[in-house]
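These are notes on the model shown below. They take the ligand surroundings and then the helix contacts.

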Amino acid sequence: MSKLCVILGDQLSRDISSLREIDKEQDTILMAEVIEEASYVHHHTHKLVLIFSAMRYFARELSSLGYHVIYTRLNEKDNSGSISGEIKRHFNHDHIILTEPGEYRLKKEISQISLPITILEDDRFICSHQKFQKWAEGKKELTMEFFYREMRKETNLLMSEGKPVQGRWNFDKENRKSLKKNIDIPSPKKFSPDHITLEVIDMVEKKFPHNMGNPNTFNYAVTSKEATEVLEFFCHRQLVFFGDYQDAMKSDEPYLFHSILSAYINIGLLDPLKVCQRVEKEFYEKRIPINCAEGFIRQIIGWREFIRGIYWLSGEKYTELNDLKANHTLPSFYWSGQTKMNCLKQVINMTIKYGYSHHIQRLMVTGNYALLAGLDPFQVHEWYLAVYIDAFEWVEAPNTVGMALHADGGIVGTKPYIASGAYINRMSDFCKSCVYDVKKKTGKDACPFNYLYWDFLIRHEKKFSTNQRMRIAYTNLNRLSNEQKKEIQQNAQKHLQEI
Ligand code: FAD
Ligand code: DLZ
Ligand code: SF4
């Protein structure tokens, strides 16, 4: 029985489940660059270059290993434009084999092909759908921390005789420092594009002239070997400060001590468990403190796996949720970076330049503003899905709709992540060069995050004032006079009319 094995652009792993099932002698691999995948949102040009270049390298690697590979390029004359179209075009086998696509849209499209097909589990993830369902069953609230502890036990990462090393599961309290002055920030590892990537850059530049970012400045890794070099660089140069400065932000410094590994893990160039084991080794060999190792490993076996579990548990309508009935149109500055609010300008400009910003910038600057201003969650979701090199719906949507916007009614987080300008001022240098005054609550030059923060609390008082985790915020709100509240609301309304 001959098989057609389909490998998608985020399945570039040598030991992906579909590849394990095929026979080099009689089966065929199909990889296809298609316009449908390249345009379901306006992907950042660096994301397009990364995926197409990594796909071309991976296909070349498979061919050199003796597999028979059919590879469709985006510009090819007979390209049907969709994954299902390419499968139909090339199917003259007995059976199709595929590792489960990472999102509902594509899974549905491929499942509907009326050809014999087997969809295999994507076991690059530590927690299967069934295991997550079983863990979630009967629970009133799904708490990442408890899920994470199960994953620690399951993987045996940072465990000693069934107990967490150094006696605690979580060292997050140690990981909220603002950046020390004069600290040496390592420049990230960059890769010069070779002829394969240059060809892709040229294609992306011509075919997607209006998408965000300049493809000619692309310098990310595109092979598993290069991505491993990024991991090594992280372990040697950044990891030692990853914990302490995980939440810090600085002008013109998108990466600080973050790993920049998410895209490589998501498209299959790196294995998440092996990445964690590599980081764990740094700890056991006493080169990094526990808060760095634990903090990093929690992001991957905790947050990443939890977020994916929520995506598949919640169903395909998850991206349409809008529990807070937010309906303001996404302001155009999310695409241009042209705003007087310096924190947003900084983060959006980094996003435009690199297709990257780190977690706190996504959550507490662009996400926080979107939540406070009541921006339409679906539009915000489409923005995040487009602009980051690591964005795939299974991971982007619960982070945006759930964690950042609280539009899922509290599935991902039991309280909304909101903050006034004071938080941004504490964790960054953005406010120093801003036209707005972070200390002022109201008035023409007051920081918009301040009045929007209070306005959010007032607007959603009924929903959140009884939430124990919001107690301090509402106690502070209740200290304000009615006149102050009115002024806040007027300032917020005026600001929202103007954006
Ligand atoms: P590091 O800070 O070095 O963290 C290490 C690794 O942990 C990351 O590489 C990633 O694999 C994992 N990780 C950390 N936080 C999360 C998280 N919340 N969810 C899932 N994995 C996590 N991550 C994506 O991979 N794709 C997305 O599309 C995406 N969209 C996001 C949207 C919003 C609104 C927010 C708040 C977060 C989003 N994240 C997303 C999570 C996180 O911001 C990125 O994984 C991280 O910034 C990637 O940079 P890094 O590799 O340098 O991460
Ligand atoms: C994101 C993406 C892009 C831009 N292009 C392709 C492509 O041309 N061919 C392909 O197989 N995959 C691509 N991908 C990745 C898919 O969109 C991804 O597999 C789904 O979003 C599921 O996670
Ligand atoms: Fe952002 Fe307000 Fe600070 Fe300006 S003052 S950078 S708007 S938080």
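1. Valine 34 takes part through its backbone, with a polar atom 2.9 Å from an oxygen atom of ligand 2. A polar contact here is a pair of N or O atoms within 3.5 Å; within protein, one must be able to donate a hydrogen and the other to accept it, and residues adjacent in sequence count only if both atoms are side-chain atoms.

2. The model is predicted: local features need pLDDT of at least 70 and side-chain atom pairs pLDDT 80 or more, while totals for chains, interfaces and linings use all residues. Residues are numbered from 1 along each chain as its sequence is written, chains are lettered from A and ligands numbered from 1 in the order written, and side-chain values use heavy atoms, without hydrogens and water.

3. Around ligand 2 there are 20 residues, of which Asp10, Ala32, Val34, Glu37 and Glu103 come nearest. A residue counts as near if one of its heavy atoms lies within 4 Å of the molecule or strand.

4. Ligand 1 has 29 residues around it, and the nearest are His258, Ser259, Ile260, Tyr356 and Asn399. The side chain of serine 259 places an N or O atom 2.7 Å from an oxygen atom of ligand 1. For histidine 359, a polar side-chain atom is 3.0 Å from an oxygen atom of ligand 1. With glutamine 299 the ligand 1 atom is a nitrogen, 3.4 Å from an N or O atom in the side chain.

5. Helices α16 (residues 377-387) and α17 (residues 393-404) have axes that come within 9 Å and cross at roughly 135°. Axes are lines fitted to C-alpha atoms, for helices over the stretch in contact, with angles from 0 to 180 degrees between N-to-C directions. Helices (H or I, at least four residues) and strands (E, at least two) are DSSP runs, numbered from the N terminus. The two helices are therefore oblique to each other; angles under 35 degrees count as roughly parallel, over 145 as roughly antiparallel, 65 to 115 as roughly perpendicular and the rest as oblique.

6. Contact means heavy atoms within 4.5 Å. By class these residues are 5 nonpolar, 2 polar and 2 charged. Ala, Val, Leu, Ile, Met, Phe, Trp, Tyr, Cys and Pro count as nonpolar, Asp, Glu, Lys and Arg as charged, and the others, Gly among them, as polar.

7. The axes of α19 (residues 448-459) and α21 (residues 471-478) come within 11 Å and cross at roughly 100°. That makes α19 roughly perpendicular to α21. Tyr453, Trp454, Leu457 and Ile458 of α19 make the contact with Ala473, Tyr474, Asn476 and Leu477 of α21. This contact has 7 nonpolar, 1 polar and no charged residues.
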